[in-house]
Amino acid sequence: MITLNEIQNDISLLNSNFKTKDIDGLIKKYVKRKEEVEYNYSLLKNDHWLQRIFFYTHLKNIKEPKDRFLFIDKYKDLFSFWADNDQLIGFIRKCDFDFIYEYSKEYIKSNIEFIKRWGYVMYILHPSKLDIEKTKLILELISKENRHSLILAQTWLLCELAIYHQELIYDYLKKDLINYKIKSMTITKINDSFRISKEWKEKFKGLR
């Protein structure tokens, strides 16, 4: 077991202008030693570097995708910033869709902003976005939202889905099931994408 105080000491020895790659260097060292990082809610909740180290060190030592997902679920109350979600999406990409979908349906009911956000961004790298029927189920998770981090999460997800299913997302946006800000931002993000054709970009812009 390595304590958070010990980790803070290791961080203090880094260059004062340390970056993510420097933190990941510490994680690599802890993973190699198969360290179990101490859990302390108050310290982890308020320190995003410590939180990254906590999740990454544990998750890289967990082999089964389902067990990785359940570990994140167990400690999801630590989420307090958009990056807390985004840094973990790669760890659940091999999880069974039906399994994680049941969890995401509960996450999006949460009043806690970054737990709800996790219910959206967890699909960003998941191969389910390639399947149109699964994509239709993901769309059912999206609702009208006013909180900025959730608007950005929904926009990101819709644009990612549009890369593979332009007609489906076009029809979805056309129905005005979400608020106009999310719709407008999604169209802007689609227009910025290098993976969507100019023809479809023009068609999406016509929805404004």
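Me: What covers the buried residues of helix 7?
Reply: The cover includes helix 5 (65-74), helix 8 (113-121) and helix 9 (132-139). Contact here means heavy atoms within 4.5 Å. Helices are DSSP runs of H or I with at least four residues, strands are E runs of at least two, and both are numbered from the N terminus.

Me: Before going on, where does the model come from, and how are residues and atoms treated?
Reply: This is a predicted model, in which local features need pLDDT of at least 70 and side-chain atom pairs count only at pLDDT 80 or more, while totals for chains, interfaces and linings use all residues. Residues are numbered from 1 along each chain as its sequence is written, and side-chain values use heavy atoms, with hydrogens and water left out.

Me: Which residues of helix 7 are buried?
Reply: Helix 7 spans residues 97-107, and Phe97, Phe99, Ile100, Tyr101, Ser104 and Tyr107 are buried in it. Buried means under 20% relative accessible area, exposed means over 50%, and partly exposed lies in between, with a 1.4 Å probe and protein chains only.

Me: Which residue caps the N-terminal end of that helix?
Reply: Asp96 does, with a side-chain oxygen 3.3 Å from the backbone nitrogen of Asp98. A polar contact is a pair of N or O atoms within 3.5 Å; within protein, one must be able to donate a hydrogen and the other to accept it, and residues adjacent in sequence count only if both atoms are side-chain atoms.

Me: Switching to rings: how many aromatic pairs are there?
Reply: The structure holds 22 aromatic pairs. Rings of Phe, Tyr and Trp (its six-membered ring) pair if their centres lie within 6.5 Å; planes under 30 degrees apart count as stacked, over 60 as edge-to-face and the rest as tilted.

Me: Why is the pair of Phe54 and Phe55 edge-to-face?
Reply: The ring centres of Phe54 and Phe55 are 5.6 Å apart and the planes stand at 75°, so the pair is edge-to-face. Phe54 counts as buried at 1% relative accessibility, and Phe55 counts as buried at 0%.

Me: And what about Phe54 with Tyr75?
Reply: That pair is also edge-to-face, because the centres are 5.1 Å apart and the planes are at 85°. Phe54 belongs to helix 4 (residues 48-60) and Tyr75 to the loop between helix 5 and helix 6 (82-86), so the pair ties together parts that are 21 residues apart in sequence. Tyr75 is buried as well, at a relative accessible area of 15%.

Me: Which residues do ring pairs link into a cluster?
Reply: The cluster consists of Tyr39, Phe54, Phe55, Phe71, Tyr75, Phe79 and Trp118.

Me: Which ring does the charged end of Arg52 sit over?
Reply: The ring of Tyr56, 4.3 Å from its centre. The criterion is NZ of Lys or CZ of Arg within 6 Å of the ring centre and within 35 degrees of the ring normal. Likewise, the charged end of Lys203 sits over the ring of Tyr170, 4.8 Å from its centre.

Me: Is Lys183 buried or exposed?
Reply: Lys183 is buried, with a relative accessible area of 5%, and lies in helix 12 (residues 180-192). The side chain of Lys183 makes a polar contact of 2.8 Å with the side chain of Asp176. Neighbours within four places in sequence aside, Lys183 is in contact with Leu173, Asp176, Ile178 and Leu207.

Me: Last one: how many disulfides does the structure hold?
Reply: It holds zero disulfides, a disulfide being a pair of cysteine sulfur atoms within 2.5 Å. Cys95 is buried at 6% relative accessible area, and Cys159 is buried at 6%.
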